[in-house]
Amino acid sequence: MSRSVIVTLRYWAAAKEAAGLAEEQLSAGTLADALNAARARHAERPSFAQVLGRCSYLIDGDPVGARDHASIRLDEGARIEVLPPFAGG
Amino acid sequence: MSRSVIVTLRYWAAAKEAAGLAEEQLSAGTLADALNAARARHAERPSFAQVLGRCSYLIDGDPVGARDHASIRLDEGARIEVLPPFAGG
Amino acid sequence: MTDISVEQAVRLLAIRDTPLSVDEVLAAIADPRIGGTCVFVGTVRDHDAGRGVNELGYDAHPNALKELRRVAEGVVAAHPGSVVAAVHRVGDLSVGEIAVVVGAAAPHRAEAFAACRQLIDDLKAEVPLWKHQRFADGSAEWVGAE
Amino acid sequence: MTDISVEQAVRLLAIRDTPLSVDEVLAAIADPRIGGTCVFVGTVRDHDAGRGVNELGYDAHPNALKELRRVAEGVVAAHPGSVVAAVHRVGDLSVGEIAVVVGAAAPHRAEAFAACRQLIDDLKAEVPLWKHQRFADGSAEWVGAE
């Protein structure tokens, strides 16, 4: 695992419900590490991994888009937002 | 000319304006005769024939549609309505 | 969507010479089973093909309302589950005034848009209404009769 | 149609937790150069996929208004001469309440319909908003997250 930093995960809508909380901090090197850590932490909540699999992500406000999560190195204090599929209108 | 009957022509919108009147009576055997007679009667009004060429017709409320005008024999007192292209909305 | 008969699905049809209201059409097609409502509003523009327009006059043939009903029933038949309404103005209208409001509501937006578009398209093509444009330069013409 | 800048063509954008009004959107896009106005209204339906719905809750991400502006500017860029408006509701809504109103006006109806349809489609696809459905049987779910 590349060197780790403390990052914040901010969950929205269905992700917040599945996580049972709006925000949490954890240690990770890449975005993939952070999501794996979150899955491990919420392993007892069945729908968490399932919802996470459908989410898109922002890091400090910028969309991650289709980039490979394992290739995205996180900065100290990065803010990762977890967005379920949009359902407006 | 097949036997003639007295029919009424009722003009609408642009046709009424081109004819300079809403309604007139004339003698005709078929729809084609009636329209020819009307053209002759309003020969001095330049736009009349031009507008007539763009109109659709009802005879006693029934649309003439694409039927050949010369083949439509008129009944005594038939009411022929002259409808310019529709422009609602 | 429970089946609505064609008659029930046509909620409001009117041709009148008093100002039109979008709210009236919206209220007519409001329905708890409805998720999407599409409304088209035709208003008098201040120009046409580069010429300034002052006013518009609409005439209707006595068959107009009957034809509008036939068009509306055709739309709901083509879009099962949709409900529709259409009101058209006759008489003299100034710039900005509403000439026509058509609305269609359906469980989902795709049907609402499709039904609304067909309603205004078929109204224009099949309902005996005529538009007399009065230009700023004092001239006037019946639209579509040139 | 004289050129309107993209900014001017986006007349009204709002995300708010108070009841929405179609009239507000119509007024925002009224324009004497306009002949056709298309409005789409999304309302809370009393059922979804056969299940009775009691209430709907909408959440918005803080970026939502910024994204809505990007979407609206994309629509007017794709439909020169059109003017648009969009208002979306957040908070708890009962059956029949208005969740979204989008409107597009243009010289002719084809552009008005196309711009309005793109506006609601892109809003749904690109603006971070979420819908929480509360069913008559007491269960609830976030739409699209299953």
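Helices (H or I, at least four residues) and strands (E, at least two) are, throughout this talk, DSSP runs numbered from the N terminus. This is a predicted model, in which local features need pLDDT of at least 70, side-chain atom pairs count only at pLDDT 80 or more, and totals for chains, interfaces and linings use all residues. Residues are numbered from 1 along each chain as its sequence is written, chains are lettered from A and ligands numbered from 1 in the order in which they are written, and side-chain values use heavy atoms, with hydrogens and water left out.

I begin with chain A. Thr8(A) sits in strand E1, residues 5–11. Its relative accessibility is 10%, so Thr8(A) counts as buried; the term buried means under 20% relative accessible area, with exposed over 50% and partly exposed in between (1.4 Å probe, protein chains only). Beyond four places in sequence, Thr8(A) is in contact with Glu23(A), Glu24(A), Gln25(A), Ala78(A), Arg79(A) and Ile80(A), where contact means heavy atoms within 4.5 Å.

I turn next to the interface of chains A and D. Here 17 residues of chain A are in contact with 24 residues of chain D. The two chains bury about 1600 Å² between them, 56% of it on carbon and sulfur atoms. Buried area is the accessible area (1.4 Å probe) that two parts lose on being put together, summed over both. Phe86(A), Ala87(A) and Gly89(A) supply 38% of the area that chain A buries against chain D, more than any other three residues. Between chain A and chain D there are zero salt bridges, a salt bridge being a side-chain nitrogen of Lys or Arg within 4 Å of a carboxyl oxygen of Asp or Glu.

One residue of chain D deserves mention here. Asn63(D) lies in the loop between strand E4 (51–60) and helix H3 (64–78) of chain D, and it is buried, with a relative accessible area of 18%. Leaving aside neighbours within four places in sequence, Asn63(D) touches Leu58(A) and Gly61(A) from chain A, and Pro128(D) from chain D.

Now to helix H2 of chain D, residues 22–29. Val22(D), Val25(D), Leu26(D), Ala28(D) and Ile29(D) are buried in this helix. They cover an arc of only 160° around the axis, and therefore lie on the same side of H2(D); the arc is that of the directions from the helix axis to the C-beta atoms. An α-helix has 3.6 residues a turn, so residues three or four places apart point the same way. The partners of the buried residues of H2(D) include helix H2 (22–28) and strand E2 (36–43) of chain C.

The contact takes 30 residues from chain C and 31 residues from chain D. About 2500 Å² is buried between chain C and chain D, and carbon and sulfur atoms give 58% of that area. Arg45(C), Arg109(C) and Phe113(C) supply 25% of the area that chain C buries against chain D, more than any other three residues. How many salt bridges are there between chain C and chain D? The count is two. In one salt bridge, the side chains of Arg109(C) and Asp121(D) meet at 2.7 Å, N to O.
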